[in-house]
Amino acid sequence: MTDRSCDVLIDQFTDSLWLSDGLSKNTIESYRRDLVQLDIWLSKYGRKDNLSLSTLDSTDLQAYFAHRISVDRASPKTTARLTSTLKRFYQYLLREKLLEVDPSAAIDAPKLPRSLPKSLSEADVESLLAAPDVETPLGLRDRAMLETLYAAGLRVTELVGLPLAQLSLNQQVVRVMGKGSKERLVPLGEVAAEWLTRYISTARNQILDGRTSNDLFITVRGATMSRQMFWNIIKRYAIKAGISATISPHVLRHAFATHLINHGADLRVVQLLLGHADITTTQIYTHVARERLKAIHAEHHPRG
């Protein structure tokens with residue numbers, strides 16, 4: 001069992017995460033669970049030395065990691081997440097002047113193999129885009145959202161929070177405010193621009209029904225759409241399109257990047273379009289392209 005002082009400390013930390021970062025309930029609970037497990041370990045192995053979450057040192061933490069890996073058989077992924085939790089926790093204690101030395105500073109997270117991002121085939125994307133009933137205002141809105149997401153490779157937060165004023169249909173570009181308040185201009189292409197024109201000229205006004213909004217995409221109540229709402233929308237259309245793979249708005253962003261590279265786009269261009277600060281983040285898509293090249297070689301080369 002954790003003692004009350006540690007419970008309070010964990011509560012204060014998780015509250016700060018919610019207030020400063022707006023993390024999801026599940027993410028915050030995973031942070032809490034990691035810290036509770038460490039405190040339980042301390043109650044078994046460190047309490048004789050009056051150790052607590054705020055008094056242990058780097059040697060104690062290294063002993064805990066050794067226990068998790070050798071006894072609990074913690075995977076590299078679990079260990080990496082635990083490292084992240086503890087580093088954030090002790091940085092919080094330092095900021096609050098509850099600690100003078102960060103015991104996690106010498107702990108390095110294990111290097112994880114980079115997994116290939118989930119994507120969709122071009123045929124699956126076409127089926128998904130065609131799923132909404134565009135004869136209804138909401139269906140036309142959804143078609144315009146899906147076309148914009150795929151054409152511009154936006155993050156879901158960028159899509160649902162997109163102001164109408166940041167769209168230029170004449171130039172067929174959208175101005176996006178990405179992570180770190182970094183602005184980028186992203187082309188839309190003719191098809192997405194046509195669906196957006198159709199949506200704005202008819203369905204958007206019908207949905208608003210006399211109300212006003214600065215948002216490009218609005219709910220049936222005229223409010224800003226949430227990420228969760230759009231997530232549910234895209235999952236519903238995936239089922240309708242007969243797509244069996246697990247799908248999310250981020251999968252369409254991956255499809256955008258993958259299909260660009262498969263058709264010969266330069267990696268630096270894709271980096272700019274996605275709004276990646278570092279080219280290494282974009283380089284994961286070279287692995288996707290490499291798999292395609294292998295498949296082409298195996299299919300067409302006489303020695304394949």
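Let's start with the sheet. Three strands form an open sheet, ordered β1-β2-β3, with antiparallel pairing. At the edges sit β1 (167–168) and β3 (183–187), each pairing on one side only. Two strands count as paired if DSSP finds at least two bridges between them. β2 (residues 173–177) and β3 are joined antiparallel over five bridges. Look at valine 173: proline 187 in β3 stands opposite.

A word on the source. This is a predicted model, where local features need pLDDT of at least 70, side-chain atom pairs count only at pLDDT 80 or more, and totals for chains, interfaces and linings use all residues. Residues are numbered from 1 along each chain as its sequence is written, and side-chain values use heavy atoms, with hydrogens and water left out. Helices (H or I, at least four residues) and strands (E, at least two) are DSSP runs, numbered from the N terminus.

Next, helix α10, residues 249–262. α10 reaches 20 Å from first C-alpha to last, close to the 20 Å expected. That expected span is 1.5 Å times one less than the number of residues. How many of its 14 residues are buried? Twelve. Buried means under 20% relative accessible area, exposed over 50%, partly exposed in between (1.4 Å probe, protein chains only). Among the buried ones are Leu252, Phe256 and Ile261. Just after α10, glycine 264 has a positive phi of about 100 degrees.

Last, two loop residues. Most residues other than glycine have a negative phi. Lysine 97 has a positive one, near 60 degrees. Lysine 97 lies in the loop between α4 (76–95) and α5 (122–129). Aspartate 209 has a phi near 50 degrees, also positive. Its loop runs between α8 (189–208) and α9 (227–240).
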